[in-house]
Amino acid sequence: MLDIKFVRENPDFVKENIKKKFQDEKLVLVDEVIELDEKLRDVKTEGDNLRAKRNKTSKQIGALMGQGKKDEAEKVKEEVSDINDRLVQIEEDTRKFQDQLKEKMQVIPQIIDDSVPIGKDDSENVEIERFGENVTPDFEVPYHVDIMESFNGIDLDSARDTSGAGFYYLKGDIARLHSAILSYARDFMIDKGYEYHIPPFMIRSDVVTGVMSFAEMEDMMYKIEGEDLYLIGTSEHSMIGKFINSITDENEMPLRMTSYSPCFRKEVGAHGIEERGVYRIHQFEKQEMVIICKPEDSKKFYDELWKNTVEFFRSLEIPVRTLECCSGDLADLKVKSCDVEAWSPRQGKYFEVGSCSNLGDAQARRLKIRLRGEKGNYFAHTLNNTVVAPPRMLIAFLENLLQEDGSVKIPKPLQMYMGGMEKLVPKNK
């Protein structure tokens, strides 16, 4: 959410930013919030003036009564009563204008960074850099579910019976591999100096609307019936929400955190839930990175975050690339974002395995996450990035480390989490 003062003083700049995001239908919001802001300031000013007048007038009542001027005192009482009636209406108008202003302000997108490429959608995202050689082996790489089934490691049919499409049972070596990757990711980030967290997996609506746009919430979040609680779509939601209405000394910055959680997503409006596969699903687990910092430091921490993911995947011998998200592909709260994509030998292309985002002060402003400095309090900047999100990451792992005999190589950093195993040997061929 932008600063209303900034919108008031820079309406054309805000409109140009909306155009860069190809959301012309929102242009009218700029004029509407400026008009609402003026109405709000007018009623607040009127309210302040009336309260001052009421205080001054009220003092006259006692003086008039003391002088025996009862009739005059009664007239002054009526005047005070009229002021009180008007103040009640002003308070109602103030709440109404504040609510309307907040609702509209939350729909105006964040100002994007100057470095963001301009484009309508994800088809116009820009490749930045590749890491590792994207090898396609001489032998055929099967579909990821077929690889998992060769290890007797997945049961989609039973999951469909218990829960529907978009769910799965992992078992045996594949389930162990899934957990091993998460354990390695946890320790990888702890070794980088990030504090490990396991957050709540449900959050209240005021946190949800503080960390994401309403459209994202409707498309992603599962609501707990009868309660003001939502299942999280990523642990970033809980981790940022942890600091709601907080003021932290700027000398404590940055706060580097890594968090584990299950994630739940409706995936409304997505490309569809696979009937046979684990790429796009309703439930998965993830290791996340979250940073809260001073505004002037957010750009350097953005680079730190995506580099951590690249290093993690390369340590497991998986080729990746980074892809800069264009303006039309940025969620409204984001200033800048890039995807980390892993190489798929079977498809001969890269696919998303993580997303790194700098949200500027958007979440901090909504949730009132402030820092205390020498010149007063100000809003922090928040950033997040995926370390790893199996089972999607399992697709990249199994495809890239599959051997011609059907076995799967276990890279050295992962072997200690797999009981010393150097490879997975298929049980079914």
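These legends go with a few close-up views of a predicted model. Local features need pLDDT of at least 70, side-chain atom pairs count only at pLDDT 80 or more, and totals for chains, interfaces and linings use all residues. Residues are numbered from 1 along each chain as its sequence is written, and side-chain values use heavy atoms, with hydrogens and water left out.

**View 1. Tyr184 meets Tyr417.** Rings of Phe, Tyr and Trp (its six-membered ring) pair if their centres lie within 6.5 Å; planes under 30 degrees apart are stacked, over 60 edge-to-face, and the rest tilted. By that rule there are 9 aromatic pairs. Here the centres of Tyr184 and Tyr417 are 6.1 Å apart with planes at 45°, so this pair is tilted. Tyr184 belongs to helix H7 (residues 172-191), while Tyr417 is in the loop between helix H14 (412-415) and strand E18 (423-424), so the pair ties together parts 233 residues apart in sequence. Helices (H or I, at least four residues) and strands (E, at least two) are DSSP runs, numbered from the N terminus. Buried means under 20% relative accessible area, exposed over 50%, partly exposed in between (1.4 Å probe, protein chains only). Tyr184 is buried at 9%, and Tyr417 is buried at 18%.

**View 2. Phe312 and Phe313 pair up.** These two rings sit edge-to-face, 5.8 Å centre to centre with 80° between the planes. Both Phe312 and Phe313 are buried.

**View 3. Arg392 over Tyr279.** A charge sits over a ring if NZ of Lys or CZ of Arg is within 6 Å of the ring centre and within 35 degrees of the ring normal. The charged end of Arg392 sits over the Tyr279 ring, 3.8 Å from its centre.
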